[in-house]
Amino acid sequence: MPKITKDFIPVSQKKQRPGFRMNPKYITVHNTANSNKGADAEMHSRYLHNGAGGRTVGWHFTVDDKEIYQHLPTNENGWHAGDGNGNGNMKSIGIEICENSDGDFDKAVKNAQWLIKKLMKKHNISISNVVPHKHWTGKNCPRLLLGMWETFKDGIRNSKSTSIRESTKPSSKKYHSIVDYLKARGIDSSFNNRKRLAAKYGIKNYRGTASQNVALLNKLQRGSTVSSKPKSFKPGQRVTLKRSAVKYATGQHIPPRYLGKTYTIQQAKSDRVLLKELYSWVYKNDVQ
Ligand SMILES: [Zn+2]
């Protein structure tokens, strides 16, 4: 059961979020046609948030082998079907399935089938209205599924619909349990990982006792709520991403190869900065 992260494109980005009201009657399936390593759901979310290279394009969900990102609410239209003001753009939910070469495509397809079944139920859409992008414009998309479209639809019919785990981006909410705090950030909350974090934050001989957990929680919350002690970062400023950084401010892991390097600040908010070269938000605490 994949996790759905709602990470909506700001309404001000009209090219990616046109904002016309929609009562969805169809679901349109796409492939990203991007087999590059790392071209996963999170990367496509960043792509849209960063203006999609100036293109007028936007869709509702991107699915990879591990997770699902939602970029638009399902009661607003997107630009993904290529049919102008036709039903593809104005009445269908657009789903991109990732094909990054470092991902498991079959698993991504299974996750998409699960999502589609859930959306069909929610919006009362029949399987005959689940269509490939090709249906609207003749485009060869989803390129990896057109040859097995009926099998793909069988997979939707047979998909197990289980309860939904949804999350929104971590907020600055105060948590009373270390496990809840970590889970909300998508961080491994196992004993071993808590032990590793405890060592990093100077808590010796971590055994998972209540007092150690409280101490660790306090240290972590202090660490990530820099807003109380704002550092001043300005767009254009060059900063180094600390080697101790673990996660982006949006919750995903930072690949180690990005650490210890210098980047340009594109935008700054109270607790985070947008690094231009990475198209990613990181906590101010994690740069210097
Ligand atoms: Zn397409």
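Predicted model: local features only at pLDDT ≥ 70, side-chain atom pairs only at ≥ 80, totals over all residues.
Strands, in what follows, are DSSP runs of E with at least two residues, numbered from the N terminus.

I shall start with the hairpin. It is formed by β9 and β10, with 3 residues between them. Strand β9 covers residues 262-268 and strand β10 covers residues 272-275; the two pair in the antiparallel sense over 3 bridges. Within this pairing, Ala268 stands opposite Val273 in β10.

Strand β9 also has a partner in strand β8, residues 238-240. These two strands run antiparallel and are joined by 3 bridges. Here Thr240 stands opposite Thr262 in β9.

Let me now turn to the aromatic side chains. How many aromatic pairs does the model contain? The count comes to 4. One pair I would like to discuss in detail is that of Tyr26 and Trp136. A pair of aromatic rings is described by the distance of the centres and the angle of the planes. For Tyr26 and Trp136, the ring centres are 5.1 Å apart and the planes stand at 85 degrees; because an angle over 60 degrees counts as edge-to-face, the pair is assigned to that class.

Which parts of the chain does this pair tie together? Tyr26 belongs to strand β2, residues 26-31, whereas Trp136 belongs to helix α4, residues 134-137. The pair therefore ties together parts that are 110 residues apart in sequence.

Finally, are these two residues buried or exposed? Tyr26 has a relative accessibility of 19% and, because the cut-off for buried is under 20%, counts as buried. Trp136, at 19% relative accessibility, counts as buried too.

Conventions:
Residues numbered from 1 in each chain as written. Heavy atoms only, no water. Phe/Tyr/Trp six-rings, centres within 6.5 Å; stacked < 30°, edge-to-face > 60°. Helix = DSSP H or I, 4+ residues; strand = E, 2+ residues; numbered from the N terminus. Buried < 20%, exposed > 50% of the residue type's maximum accessible area, 1.4 Å probe, protein only. Pairing = 2+ DSSP bridges.
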